[in-house]
Amino acid sequence: MRDEVDGLIEAWRSERPDVDVTPLEVFSRVSRLARHLDRARRTVFTEHALEPWEFDVLAELRRSGPPYELSPGRLLRATLVTSGTMTNRVDRLAAAELVRRRPDPADKRGVLVRLTDQGAERIDAALASLLSYEETLLAPMPAAEREQLASLLRCLLAPLDKGPSGPQG
């Protein structure tokens with residue numbers, strides 16, 4: 001079985017035989033897969049009247065368990081955005097009645113963001129659609145290969161999730 005990356009690799013090896021392009025065999029595929037998944041996810045989210053960032057925030061609240069509320073600080077750390085961006089996102093989700101704010105009883109200056117029933121229904125429906133679609137993508141792979149792929153991807157991702165790395169300068 002061949003894919004688009006095979007052609008890219010062959011072309012680079014032909015044009016630059018002096019360079020080891022082996023990393024492209026992995027990362028070009030990961031990059032292309034990410035773009036395909038991003039497009040598919042946007043389609044699924046649009047069907048549920050959600051933007052990808054809305055899905056991310058609502059999903060973080062839903063995963064937090066009852067009472068499905070977190071501080072804006074916890075939300076911004078989980079979604080990797082700035083404080084100003086999170087404030088804007090919570091404002092927009094509150095205006096859409098998908099979340100509501102309430103004072104934090106443990107911090108008189110703080111607030112908590114709570115998932116509304118409408119927000120929970122929306123995120124649950126979007127998640128079900130997303131998982132259904134993603135299952136169709138994985139269907140040709142036997143369970144053992146799925147587990148192996150997940151493990152290999154974890155080896156690449158875990159160090160990156162721990163913090164910045166890469167070329168320093």
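## A guided tour: sheet, helix pair and a buried histidine

Start by selecting residues 99-104 and 107-115: these are strand 2 and strand 3, which pair in the antiparallel sense over six bridges. Here, helices (H or I, at least four residues) and strands (E, at least two) are DSSP runs numbered from the N terminus, and two strands pair if DSSP finds at least two bridges between them. This is a predicted model, in which local features need pLDDT of at least 70 and side-chain atom pairs count only at pLDDT 80 or more, while totals for chains, interfaces and linings use all residues. Residues are numbered from 1 along each chain as its sequence is written, and side-chain values use heavy atoms, leaving out hydrogens and water.

Stay with the two strands for a moment. They form a hairpin with two residues between them. Click on Arg 101 and you will find its bridge partner, Val 113, in strand 3. Next, pick Arg 100, which stands opposite Arg 114 in strand 3.

Three strands make up an open sheet in the order 1-3-2, with antiparallel pairing. Strand 1 (69-70) and strand 2 stand at the edges with a single partner strand each, so one side of each has no neighbour in the sheet.

Move on to helix 1 (residues 4-15) and helix 2 (residues 22-47), whose axes come within 10 Å and cross at roughly 145 degrees. Axes are lines fitted to C-alpha atoms, for helices over the stretch in contact, and angles run from 0 to 180 degrees between N-to-C directions. To see where they meet, show side chains including Ile 9 and Trp 12 in helix 1, and Leu 24 and Arg 32 in helix 2. The residues of this contact divide into four nonpolar, two polar and six charged.

For the last stop, select His 48, in the loop between helix 2 and helix 3 (52-63). Is His 48 buried or exposed? His 48 counts as buried because its relative accessibility is 18%, and buried means under 20% relative accessible area (1.4 Å probe, protein chains only). Not counting residues up to four places away in sequence, His 48 touches Arg 122, Ala 125, Ala 126 and Ser 129.

Note on methods:
Contact means heavy atoms within 4.5 Å. Ala, Val, Leu, Ile, Met, Phe, Trp, Tyr, Cys and Pro count as nonpolar, Asp, Glu, Lys and Arg as charged, and the others, Gly among them, as polar. Buried means under 20% relative accessible area, exposed over 50%, partly exposed in between (1.4 Å probe, protein chains only).
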